[in-house]
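Please look over the following structure before reading on. The briefing moves from chain B as a whole to some of its helices, and then to a sheet in chain A.

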Amino acid sequence: MATEGDIRPETGDEHAPEETNDNPRGDDGLPKSFDVLIIGTGVTESILSAAISRNGHSVLHLDPREYYGGTWATFSLDQWTSKTFLETPTEASVCDLYLEDSKGALTWRNNVEQFEQLWYLKDEETKSQLMSQKRRFNIDLMPRLIAAREDIIQILITSNVSRYLEFLKISRLLTNLPPPNEDVIESIPLSRADIFTSKSLSLVEKRSLVKLIEAVLQPTSSVQDEAPLETSVPEEVETTSETFEDLVKKTKVPDKLKHMVKSSFTTLEDGFSPDGFNVEFCSRCRLFLNSIGRYGNQTPFLWTIYGISEVCQAFCRLSAVYGGIFILKRHLSRIEAKEDGFVVQTEKDEVKVKHIILGPDMQCDIIGKDRSKKEQASIVVGRAVLITKGGSIKRPDENSKPKGDGIFVYRLSGMEVIEMNHISQAVPKDYRLLQVTFPISDPETTQPCRSIVETLLSPFVQFRKHTEECMEDSVGTNSSSGAECCSEDSTTTTEETIKPQVIYGSYFKLTYSCDSLFSELYRNSRENSDNYIMTSDIGSAELTKYVLKAKSIFSTLYPDEEFLPKAPDCDEPDAMNGDDIDTSELSPAIENPVVNPEVVNEAVAQIPNDNENEGAAGEG
Amino acid sequence: MHGRQKKERTAEEEAAKEKERCKKVAAYRYAMGLILSKREKKELDEELLKITGQVLASNPDISTLWNIRKEVLTVLKETDFTNFSDVVVQKELDFSEFCLKSNPKSYGAWHHRVWLMRETNFSKVTSELKLCAKYLEYDDRNFHCWDYRRYLVENCSEVTLEQEFDFTTEKISSNFSNFSSWHLRSKILPKLPRDFLDEELELIRNAVFTDPKDQSAWFYHRWLLRSQLPTESPYLIAAQYSFTRLILTFSSKAPTPSQLGVKVVGTDKKIEGIKWTNPWSNTCSKLWECELQDENKNISVQADSSSMMRNFGNMPLSMKIGDIMRNFPNYFDTETEEKNDKLLNLLKEEIAWVQELQELEPDVKWPICTLIMLMRMVDFVGYKQSILTHLDSLMKLDSKRVNYYLDLRSKYLIEWKLVECSNTNTHGLDELLLDLSGLNLTALYYPERMCFHTKIDLSNNALKNCEPFRALVNCKELNLSGNELPKSKLKKTIKGLENLKIEC
């Protein structure tokens, strides 16, 4: 049972909610009332949790699942292969909703469909070898690249949450050429240095590529640095009416380059919109181009070490530091609107809350309030997670220069393939993890993801088994020369003919609702204050939209308060300040976690902590 | 290092800072007193090293202390050389690096390293190069570090030029806008025993096509092509002997003729004690004159090296009073000098691609500047019209430097006029009229070539500077009307010129 001291972090911060007799505890030690109840631990909910808790409001944060993140979750190999994320918390599937004048229900939404997995290499040895290193895997359900100037980075820095996180730079962006040269992979030069050293571009191509980039950057280039947070605000789009195609025409960029730039900045949504490369695409290009050089010269993108779930957990941690209470695997059965808020029935107890925020996994249907389906347009994304052996997808020679092993992003025939080696902490040494994402424009399509992926990626990786000889060969060379990067250099000659071998593959469809602009599900207007049920449901490949969503919900609930002001450095004397800190170099896990997970009561879910991963990294 | 925002301090912080500062000043005063008294007493020992070290550690910019350290080190070196080179030097290098950590741009700390290198005959040069690489990784605009690296490259034979060359390649690849890397490259290239020209031009092309507005590669290009031109020491192109005055004109700016090995021999023996002067009292000049003390009917101008007299048949130049001997070349500098076919073809190829880029980017000035240079190199007379057109567009594009372009234009116009003049007037010197009127000249170039003209028309120009007129020693009629020359200055300047009729 939790005592007061257990839950309360010893930060001595004046914002931590005062526990007085006004807020008595229930049977399992949970206080009887909270300001806000949040359900779901995706990124929007986590940011909100941190922002609300940070300002001294009490937060009860539940997730019916047994892990953090929802679709932002990250899994070890055993969790992955046992399909943890497919388990629908059955008890939570319906929660009754009694509102003032209507009734309704919350239903559980499962986003993963048609999951299929198979081992391409059937020999048990490889399998057990992988399984013995299962905790060295950090497999994202939905991998996310973060552009260095996206709002989320700014928020991580200003809120000081960045101290819980570590990022890697994406070493390169590559693409295959349009048909008939779809087998040829070329790296996409976007920074000045890359364009300058590129050997695949002619002089005139270099000139027109730079011109295109300059044209894309032009409208707001001077404003960018001063107000990085404003760059992606939708209103700004109107300042330039030129579409990407306009600029391409204006700068006379040859098709090859157009393809390269397009494929670098395409996101999943573009795959669904008929005029994908519109004005908004332009403003996204601008954001990405401005991101290049902030943390290194190669690409605009950063990758969260240990998986994207870390981002959610970092915000949850900040929330917990300020007194937010987290419980995983906790369901709701009944929500009832009352005079001054809601009474919420969970499995074990009843709490009173002022506001409720529902994550995207909760579908809310209110009788009489017909939210038409069209508002809830959803995107279906094809996904594949492949584990390969035998080096990297063959890259053009010029990439030998930045010996940047690590993470490479390929845009192959409309698919995004993120290839990671062990440096990403997503896969053990000698293996590669391929995270494949692609749009499925017709959700009714019967073609399984597996056949789509196998067809489109077969020029680059080997799905069927090599002859025994080949395997022996590449395994032999790999193990003979210690360090990974060395072995790669020494085997480049043989790799020219041998494609990486897929050992394991899993395929599924992931559904998320697209770009829903409204948040308010229900408002109970009172004399002094309103009580809300909000949904943080939003689906996008762009993190920016999740951040904006969190901000907008926050400002509805607390219109006069600052959103995530900088948290004081209680444990790090020389902590980061301002804009100039290279988040990629920030220390990984803090040495003395603010909240020691062991002292927190078992009913209260574990505060997210990197120690687990560190432990895994220390093995073997 | 760069582009960081200044943090505002609160009054409280400011006060704390002030208190801290007072404490520091007291400690500093005490330590300095100690150091200076120790030095006074000639106690140049390890303890002195220690105290100076303590002060320098908090402020590495006190050069006095670094110098005192050097005094101590010199003593230590004399007393125990092995210990000095094995232990002390490494300690000093470590200490200097410690100072660099707090201030990577400390003059004293970098200079100390230079001194240590010299004292130890560059024995630790390899690790020093690594240190430079590290500091340039932190900040590739740290010119102290670039200077130090260049010092090592230029002074230590152990530095492998090929490796240095690769280092600059790497640095240029990561940021081609940093001229420091190109500069170091330009110091290494001439020493490399291989042909690098094509490679370098390719590199430059890649840089300027990527960003034609970036001047680094263009400057390097200019240096590279100019380095292909033959270097020429000045030689005699004209001489004039009138009574006791001898005037010599050289192909390029030269120190005094005596320094160049030019002798004047009188009727029988060398005339000693000649005092050479030039109208502007400069240390180097194309024009030198002297008054010969004794009257010599015939003199002979001779030189130690025969190339000095190459325009006069490599022979001593015999002159009698009243002689004017001249053999002006039909070019003005190494750029306009005639070139061999290989170089000429290369330059023509250069013109081709720069022109291509210029057409792509008509609003960028560097391709145009480069084209003008290249055209001057290939055929400065033939390209007259193109050069003028390009100068016009430069003045429009780059209006801040319009006066510079006007001066360039004046220079080229005078060149063309002089060439034209020498082509039409091959003989007959007396009634030489040089007509430079109405050309909108802003400056008078090559006055040394005009010192033989008796009639010069400079009317209706925009001349502002009177100084060049000092060279017009033979001019009888000088038309300066329609210029904006300051009258008072003009009078002073041309006081020495006799028989001068000036129309203003």
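Predicted model: local features only at pLDDT ≥ 70, side-chain atom pairs only at ≥ 80, totals over all residues.

Two residues are in contact if their C-beta atoms, placed from the backbone, lie within 7 Å.

**Chain B as a whole**
- Chain B holds 17 helices and 11 strands, and of its 504 residues 32% count as buried.
- The radius of gyration of chain B is 30 Å, whereas a compact globule of 504 residues would have one near 23 Å.
- The C-alpha trace of chain B spans about 80 × 65 × 55 Å along its principal axes.
- When contacts in chain B between residues at least 6 apart in sequence are considered, 53% join residues that are at least 24 apart.

**Where chain B touches chain A**
- The contact takes 13 residues from chain B and 12 residues from chain A.
- On the side of chain B, the elements that give two or more residues are α8 (161-174) and α10 (197-210), and α10(B) provides the largest share, 5 residues.
- By class, this side of chain B has 4 nonpolar, 6 polar and 3 charged residues.

**Helix α9 of chain B**
- Helix α9(B) covers residues 179-188, and its buried residues are B:Ser180, B:Ser181, B:Trp182, B:Leu184, B:Arg185 and B:Ile188.

**Helix α13 of chain B**
- Helix α13(B) runs over residues 341-360, and because each of its 20 residues is counted at 1.5 Å it should span 28 Å, which agrees with the 29 Å between its end C-alpha atoms.
- The buried residues in α13(B) are B:Leu347, B:Glu350, B:Val354, B:Leu357 and B:Gln358.
- Seen down the axis of α13(B), these buried residues fall within an arc of 95 degrees, so they line one face of the helix.
- An α-helix has 3.6 residues a turn, so residues three or four places apart point the same way.
- The buried residues of α13(B) pack against α10 and α14 (365-379) of chain B, while the face turned away from the buried side carries the exposed residues B:Asp341, B:Lys342, B:Asn345, B:Glu349, B:Ala352 and B:Glu359.

**A sheet in chain A**
- In chain A, an open sheet of 3 strands has the order β8-β12-β9, with antiparallel pairing, and its edge strands, β8 (146-147) and β9 (167-169), each pair on one side only.
- Strand β9(A) is joined to β12(A), residues 301-304, by 3 bridges, and A:Leu168 stands opposite A:Trp303 in β12(A).

Key: Residues numbered from 1 in each chain as written. Chains lettered and ligands numbered in written order. Pairing = 2+ DSSP bridges. Helix = DSSP H or I, 4+ residues; strand = E, 2+ residues; numbered from the N terminus. Rg over C-alpha atoms; globule rule 2.2 N^0.38 Å. Buried ≥ 20, exposed ≤ 12 C-beta atoms within 10 Å, placed from the backbone. Nonpolar A, V, L, I, M, F, W, Y, C, P; charged D, E, K, R; others polar. Expected span 1.5 Å × (residues − 1). Arc of directions from axis to C-beta.
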